[in-house]
Amino acid sequence: MKKLKVVFLQKKNLLARMFMEKDLKQIEQWGEVIINDSDEEVTVDKVVSLIKDADIAVTSWSVPQLTEDILQHAPELKLVLHAAGSVKQIVSDALFERGIRVVSCNDPLAKGVAETALGLTISSLKDMWRLVEQSRQGGWGNLGRVKELYEIKIGVVGAGRAGSYYIEHLQHFDVEVLVYDPMKSAVDIAAMGARKVELDELLQASDLISIHAPAIPETDNMFNKRAFDLMKDDCIIVNTSRGGVINEAEFAEELAKGRFFACLDVTNPEPPAVDHPFRSLSNVILTSHIAGAVNNGLYRIGAYSVKEMNRFVANEKLHGEVRKEQLAGLA
């Protein structure tokens, strides 16, 4: 096999946060490696200058869309490996028309999301947040709201990669897992160890709901007043997906009544306004989009990228490959 030319288009400082030296050395075994040596904004002109004669292009956050104007300078390009989650920001019709394959690193990000969701699940069921605050104020041992992951119903909205990993984690506990995902069959969900239900049943029955739905038109504001009216008064809502799946104004009204407890890693927009009620309500835990990959977790993306390149070189199936017909249902 001829030596490959692998081009990294993301900013240099972002590359360093994702790819360890050992990862880059492994890639160098296949051929020439070209790195964007700048921390400045990645412009179209910069991409054009780097991508010439590339066989593989590695993109990430802040890299512009790979349009025909760019791709005409890369006639040898065979693979775009997106070292981030959603590929919608970088793909174009021209990319697929040229037969260039696209890989997303959503898988390692999904693992981080699932771990974060599980952590928020356990912490909120144990009522840790409020118990800590009580302790700070001199109280102790008000355990009336504490629940175990035992004989309760956990609702999972969206059984994509993050949702699937979350469901997998839940198999270690004695809980019933209800899943709403129109794209998955009852057989597929049963194989995960869960039960497929319609959304209304999930809302009515769940003690905790973990949201893993993609941000697509069908999920916009899917958690609204109608949904809240169906839910148990003491339900816990964990959202590590996208803020737009929740109607925040209507949700804030219900939270102000004390009906629910919420752990929100995402909002719409981000960050929320300084005076947003999510910042002041005592029954809201608001984190700054830490699910997915942060700090050392970003190295998961680099390691996964190398594995996918290995598969590409060996002509094996690419685990994170994204096809044009899949885009409409992806985040």
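I started at Asp200, which is partly exposed, with a relative accessible area of 28%. I then looked for its partner. The side chain of Asp200 meets that of Arg226 in a salt bridge, 2.7 Å from N to O. This pair links distant parts of the chain: Arg226 sits in helix H11 (residues 225-230) and Asp200 in helix H10 (residues 199-205), 26 residues apart.

I noted that the model is predicted. I counted 13 helices and 12 strands in the chain. The C-alpha trace spans about 65 × 45 × 35 Å along its principal axes. Of the contacts between residues at least 6 apart in sequence, 63% join residues at least 24 apart.

Next I went back to charges. The chain holds 38 positive and 47 negative charges, and their mean positions are 3 Å apart. The salt-bridge count comes to 24.

I looked up Glu201 and Arg195. Their closest N and O atoms are 3.1 Å apart, in a salt bridge. Glu201 is partly exposed at 33% relative accessible area, and Arg195 is partly exposed at 35%.

Is Glu254 buried or exposed? Glu254 is buried, with a relative accessible area of 4%. Its salt-bridge partner is Lys257, at 3.2 Å between the closest N and O atoms. Lys257 is exposed, at 58%.

Notes
Residues are numbered from 1 along each chain as its sequence is written. This is a predicted model: local features need pLDDT of at least 70, side-chain atom pairs count only at pLDDT 80 or more; totals for chains, interfaces and linings use all residues. Side-chain values use heavy atoms; hydrogens and water are left out. Helices (H or I, at least four residues) and strands (E, at least two) are DSSP runs, numbered from the N terminus. Contact means heavy atoms within 4.5 Å. Lys and Arg count as positive and Asp and Glu as negative; His and the chain ends are not counted. The place of a charge is taken as NZ of Lys, CZ of Arg, CG of Asp or CD of Glu. A salt bridge is a side-chain nitrogen of Lys or Arg within 4 Å of a carboxyl oxygen of Asp or Glu. Buried means under 20% relative accessible area, exposed over 50%, partly exposed in between (1.4 Å probe, protein chains only).
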